[in-house]
Amino acid sequence: MPPKQDKAAKKEAIKQETERLKTLSNKLKTIYASEDILAPIALFKKYDRNGLNIRFEIRRYDQLSKELFEWCFELVKSNMQNWYEQTWGWSDNGKRAEMKEPDSLYLLAWEEDQQPAAASSTDTPAAPDAASTSSPVKMPVAMCHFRFEYEDYKKNNIVYLYDIQATEKVRNHGLGTWMMKILEMLAFKYEMAYLVLTVFEENQRAVGFYLDKLKYVIDEGSPKPMDEEPHLILSKSFLP
C-alpha cells in the first residue's frame, strides 16, 4: 500500500476505534442512569419456588443505607474470609473499598414479607415498625455485587461479578442459579460481550457450579497453571 493510502487507512482505523469506544462508554452511562436496571427483564424480579418467595431489586452503592451496606459486607466476610486467608489474605479495609467503588451495583434478594419501599439515596433497607423503635431493621437474604464495565483485554463491555452470597436459610433452593440467570439476562439485554467472574480454584463446589451447571469456561485472562495463582477467571460469552 502506498504511504499516503497507508496513512489514510490508519487514520480511518483510529477514527472508527474512537467512535466504537465512545459508543461502548455511552452504553455504560445509559445503564447507570437507569432508574430500574431490572426493567428489561421484569419477569425475573420474582422467585417463587422451592419454598421461597423472593423479590429482587438493584441498587447502586450510593443508594445503600449504612445498615444495608454493612449487612452486605458482613455476609461476604462471613462466607469468604476463610478462603481469602488461605490465599491472598483478608483485609476489611480492602474489601470495603472494593465494595464501595462508585460503579458498584447490588442485586438484592428480599423475602416477600419484607420487601422494602422503592430505593432512594437516603432510604433505609426497610423501616422498623413505627410503634416499636426497637424492632430490627429487615435485611435481604442474598446479594450480588457486580458492575457493568469496560474490560481492556477483551476490548469490550462486560458484566463483572465480584460476589454472590446467600444466607444459610436460603441456600440449596435454586436461588443462586436464578440470580446468575438475572445477571446473564442483563448482560444479554444490555449488549455486554461477556459475564466474567473470579473463583478460588480450591473451592471445588463453586468451580463445579459455574463450569458444569452454568456452562462457564476458563477465560483467556485466567492465570495459567505455571503462574501458581489460587484463582480462576471464568466467563460466558454473549457476543452475537
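**Entry 1: terms and ground rules.** I began with handedness: a crossing is left-handed if the near helix is turned anticlockwise from the far one by less than a right angle, and right-handed if clockwise. The model is predicted, so I noted that local features need pLDDT of at least 70 and side-chain atom pairs count only at pLDDT 80 or more, while totals for chains, interfaces and linings use all residues. Residues are numbered from 1 along each chain as its sequence is written, and side-chain values use heavy atoms, with hydrogens and water left out.

**Entry 2: the whole chain.** I found five helices and eight strands in the protein chain; helices (H or I, at least four residues) and strands (E, at least two) are DSSP runs, numbered from the N terminus. Along the sequence the pattern reads α-β-β-α-α-β-β-β-α-β-α-β-β. Of the 240 residues, 44% count as buried. Buried means under 20% relative accessible area, exposed over 50%, and partly exposed in between (1.4 Å probe, protein chains only). I also looked up contacts, which means heavy atoms within 4.5 Å. Among contacts with a separation of 6 or more, 71% join residues 24 or more positions apart.

**Entry 3: helix 3.** Which residues of helix 3 are buried? In this helix, residues 92-99, they are K95, R96 and M99. Seen down the helix axis, the buried residues fall within an arc of 100 degrees, so they line one face of helix 3. The arc is that of the directions from the helix axis to the C-beta atoms. These buried residues pack against helix 2 (66-85), strand 3 (105-111), strand 4 (142-151) and strand 5 (156-166).

**Entry 4: helix 2 meets helix 3.** I reminded myself that two packed helices are described by the angle between their axes and the distance between the axes. Helix 2 and helix 3 pack at an angle of about 130 degrees, with axes 11 Å apart. Axes are lines fitted to C-alpha atoms, for helices over the stretch in contact, and angles run from 0 to 180 degrees between N-to-C directions. Helix 2 and helix 3 are therefore oblique to each other (under 35 degrees is roughly parallel, over 145 roughly antiparallel, 65 to 115 roughly perpendicular, and the rest oblique). Helix 2 passes helix 3 in a right-handed crossing. The contact involves F69, E70, C72, F73, E74, V76, K77 and Y84 of helix 2, with D92, K95, R96 and M99 of helix 3. By class, this contact has six nonpolar, no polar and six charged residues. Ala, Val, Leu, Ile, Met, Phe, Trp, Tyr, Cys and Pro count as nonpolar, Asp, Glu, Lys and Arg as charged, and the others, Gly among them, as polar.

**Entry 5: helix 4 meets helix 5.** The axes of helix 4 (residues 175-189) and helix 5 (residues 204-213) come within 12 Å and cross at roughly 55 degrees. That makes helix 4 oblique to helix 5. Helix 4 passes helix 5 in a right-handed crossing. Here G176, T177 and M180 in helix 4 meet F209, Y210 and K213 in helix 5.

Entry 6: Is N156 buried or exposed? N156, in strand 5, is buried, at 17% relative accessible area. N50 sits in the loop between strand 1 (46-49) and strand 2 (52-60). Phi of N50 is near 55 degrees, a positive value in a residue other than glycine. K215, in the loop between helix 5 and strand 7 (217-218), has a positive phi of about 65 degrees, although K215 is not a glycine.
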